[in-house]
Amino acid sequence: MAEEEVKFKVTIDGIPVEVAPGTTILNAARQIGGDIVPPAMCYYSKLEGSGGKCRTCLVKVAKGSEKDPRPMPKLVASCRTTVMDGMEVHNITSPEVIEARRGVVEFLLINHPLDCPVCDQAGECKLQDLSYEHGLEQTRFEFSKRTFERIDIGGKIQLHMNRCILCYRCVYVANQLTDNREHGIIGRGIHSEISTYIEKALDSDFIGNVIDVCPVGALTDRTFRFKNRVWFTKPVNAHRDCPTCSGKVTLWYKGEDVLRVTGRKDEFGEVEEFICDTCRFETKSTADWILEEPAPIDHESVIAANHYYEFNLPPVIQENKKLQLANEEQLARTERLK
Amino acid sequence: MGRKLLLEHINVPGIQTFEVYRQKGGYRAVEKALKSMSPDDVVEEVKKSGLRGRGGAGFPTGMKWSFLAKPEGVPRYLVCNGDESEPGTFKDRYLMTHIPHALIEGMIVSSYALGANTSYIYVRGEMMPQIRILEKAIAEAKAAGFLGKDILGTGYDLELYVQPGGGAYICGEETALLESLEGKRGNPRIKPPFPAVAGLYGCPTVVNNVESIAATVPIVNDGGEEYAKIGIERSTGTKLISASGNINKPGVYEIELGVPVEEFIYSDEYCGGIANGKRLKALVAGGSSVPILPANLISTTIKGEPRLMTYESLADGGFQTGTMMGSGGFIVFDEDQCIVRNTWNFTRFYSHESCGQCSPCREGTGWMENVLYNIETGQGSMEDIDLLWDIQRNIEGNTICPLGDAAAWPVAAAIRHFRDEFEWHITHRDESQQRNYGLAHYADPLEYA
């Protein structure tokens, strides 16, 4: 006889949800979805140990659990606090949380260069979204910002430390996806920087994923640098038979050219699967890929302004029978699986 | 004279050595605990004593010990926190320098109570002389059979190690200390899990202050109830206070908890009054992170009761009109001291020592330092005071570890009690460069309630 699975009942902003024990408040909120999901700049569900650092996901626990209904004295980081049965959480319904979040966003922005007009990340930047929602209209910081030199990490990735918010995601990627690495933060406090340890991890096949996990424009793809604004490009999901990774990617088209390749991102901005550097940097022609469908984009995103869902097969495919056939087969398979 | 438990034999020549310490009744607690008491008995005595953590937070030590998880087959650790780096606090250094065996003895007794067979003393990296003293003391104790395998024939094994710290204030935070002890970057961990469940190397761990551990020796010797007779209510026993600032006799004093603050400052037994016949302006009662108190709130609480050196009395009135016992770093300011400059100095320290892991502390401490520097050097504006207030409020309580709070509290208290002095720095830019404000016209302390 199968034992019945234990589920904890949690209420987030008045919406009840049942989740498995050990789930964090953030993931419980993600199961509900919508506006009540706390923003997360540093937490990344695929990276072990991430989270707790940026403090944007702070929530108020108004009732600890059914057994111990006392509220938690401070706001807690929802990405690292596990739910208890009967817990009541206030996120956007708590003025205290909104105010704390506003404070955190202000802190994240004081040393950020705000160079969005020349930043490749603009348009898909988490910090932009966050400041749009919670930021002040003008800065109260009247001092010179901390600055660093740009560092090229190999031929493909550029580290722009000024924009970094020290979420440690890239450190975890380098730790967990590549070998022989300790950590990549040197310095302390405001002078902390992601540093040379990453340069040493260059040989790895997966280091390119630091670009995808970076919530801001601190780590950018040099092969895409200044090529285009993301909202002029059209994302298309595609795959290929890759010996090192799953080969499931998103291609970003401008006209007929693939300008860049990234992992497929879900609605919370996290990649579904990490991809290898060959897929990311080396295979930038449509002929390398089997196209699937336009990548789903949140309708509020600036990228969605392109009406790319009326995606027409690029002429390359239209002319090539073989590719056309492969595409049709793949689409049919995808349809069946749905 | 108050009773002295820790520093009773401090003036005996050669008390640093094992022989003299033993002659003066040292290591009786080890014999008593290991031979006639069970580990649970020792924990019970510490609980009865009401001993509260001497590192700053004042959490009851016995209760902390009873939270220690005891899964089968997993080692447990005791770690002594000797990373004393709070500005104004130097009591642990004094204890470790002059009477190291008190700490070693306490470590043996406490490790026995917790069932730890390996214990560490994490000492601040800058204190190399103290590290050598402790290592010598451990070697002596080991030679005498009080450490190592089968201590005193009781079958209890204990290895004790001294670990020099990484030279960072943040490593005094217990989880950062554990990270540092494991050889990693000293970043505080996100709690839960608490060290009592998963601490050093993922095993249950208790982290205690040097003084708390040394205090277990008299508790075992005389019994917890006897210890609890000293002091007032929930503040039991004696406490080391490191007094500094504008007083006639700065130094480390052991007081029975419950001595009036006024007596502590003015009596010849302790600080001996304000130096050079000046008047008292302000007091930081427990290390740089606790709220500063203006003169009118030092001797008496807001209710008019005399303020005593106890955890409760110092905290009376909350942060509006009270402060905290903290780590016992007692800093006295006379009328010539500038509160703005002092606040800037403290903030500079916290900004320098922030680990940079979480955003409010990393960005906020540096920002506060910049704003305070502007005010101090005559470049501030009135809005800056409100800005400071906003920044500290956004830091407080929103960080991973208490360093954010420690950075926010002194700024909040300085503005709360000495706002007029901040304003004077802005309205009298040139004058403020040449002379200090003197005694403040104390702002209504309840303005921000």
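This is a predicted model: local features need pLDDT of at least 70, side-chain atom pairs count only at pLDDT 80 or more; totals for chains, interfaces and linings use all residues.
**Chains**

The secondary structure of chain A amounts to 9 helices and 14 strands, and that of chain B to 18 helices and 11 strands. The table sets out values for each chain.

| Chain | Residues | Buried residues | Contacts joining residues at least 24 apart, among those at least 6 apart in sequence |
|---|---|---|---|
| Chain A | 338 residues | 42% | 63% |
| Chain B | 449 residues | 58% | 71% |

Along its principal axes, chain B has C-alpha atoms that fill a box of roughly 75 × 45 × 35 Å. The radius of gyration of chain B is 22 Å, which agrees with the value near 22 Å for a compact globule of 449 residues.

**Domains**

Chain A has a domain 1 at 8-108, a domain 2 at 109-226 and a domain 3 at 227-315. Where domain 2 of chain A meets domain 3 of chain A, the contact involves 17 residues of domain 2 and 18 residues of domain 3. The domain 2 side of this contact in chain A is made of 6 nonpolar, 4 polar and 7 charged residues.

Chain B is likewise assigned a domain 1 (18-229), a domain 2 (241-334) and a domain 3 (339-448). In chain B, the C-alpha centres of domain 2 and domain 3 are 21 Å apart. The contact between these two domains of chain B takes 14 residues from domain 2 and 16 residues from domain 3. On the domain 2 side, strand E9 (280-284) and helix H13 (318-321) of chain B are the elements that give two or more residues. H13(B) gives the most to that side, with 3 residues. By type, the domain 2 side in chain B divides into 7 nonpolar, 5 polar and 2 charged residues.

**Contact between the chains**

Between the chains, 27 residues of chain A are in contact with 23 residues of chain B. Helix H2(A) supplies the largest share of the chain A side, 6 residues. The side of chain A that touches chain B holds 15 nonpolar, 6 polar and 6 charged residues.

**Helix H2 of chain A**

What is the distance between the end C-alpha atoms of H2(A)? They are 23 Å apart, which agrees with the 22 Å that its 16 residues should span at 1.5 Å a residue. The buried residues of H2(A) include Val97(A), Ala100(A), Arg101(A) and Gly103(A). Val104(A), Val105(A), Glu106(A), Phe107(A), Leu108(A), Leu109(A) and Ile110(A) are buried in H2(A) as well. Within chain A, the buried residues of this helix pack against strand E3 (58-63), strand E5 (88-90) and helix H3 (126-134). In chain B, they pack against H15 and H16.

**Helix H16 of chain B**

Helix H16 of chain B covers residues 382-395. Its 14 residues should span 20 Å at 1.5 Å a residue, and its end C-alpha atoms are 21 Å apart, which agrees. Which residues of H16(B) are buried? They are Asp384(B), Leu388(B), Ile391(B), Gln392(B), Asn394(B) and Ile395(B). Viewed down the axis of H16(B), these buried residues fall within an arc of 160°, so they line one face of the helix. Met382(B), Glu383(B) and Asp386(B), on the other side of H16(B), are exposed.

The partners of the buried residues of H16(B) come from both chains: helix H2 (95-110) of chain A, and helices H15 (359-376) and H17 (403-427) of chain B. Just after H16(B), Gly397(B) has a positive phi of about 80°.

**Phe206 of chain A**

Phe206(A) sits in the loop between helix H5 (197-200) and helix H6 (209-213) of chain A. Is Phe206(A) buried or partly exposed? Phe206(A) counts as partly exposed because it has 19 C-beta neighbours inside 10 Å, while a residue needs 20 or more to be buried.

Apart from its neighbours within four places in sequence, Phe206(A) is in contact with Leu177(A), Thr178(A), Phe274(A), Cys276(A) and Asp277(A). Arg280(A) lies 74 residues from Phe206(A) along the chain, and the C-alpha atoms of the two are separated by 9.4 Å.

Notes:
Residues are numbered from 1 along each chain as its sequence is written. Chains are lettered from A and ligands numbered from 1 in the order in which they are written. Domain bounds come from an automatic or database domain assignment. Two residues are in contact if their C-beta atoms, placed from the backbone, lie within 7 Å. Ala, Val, Leu, Ile, Met, Phe, Trp, Tyr, Cys and Pro count as nonpolar, Asp, Glu, Lys and Arg as charged, and the others, Gly among them, as polar. Helices (H or I, at least four residues) and strands (E, at least two) are DSSP runs, numbered from the N terminus. The expected span of a helix is 1.5 Å times one less than its number of residues. A residue is buried if 20 or more other C-beta atoms lie within 10 Å of its own, exposed if 12 or fewer, and partly exposed in between; C-beta atoms are placed from the backbone. The arc is that of the directions from the helix axis to the C-beta atoms. The radius of gyration is taken over C-alpha atoms; the globule rule is 2.2 Å times the number of residues to the power 0.38.
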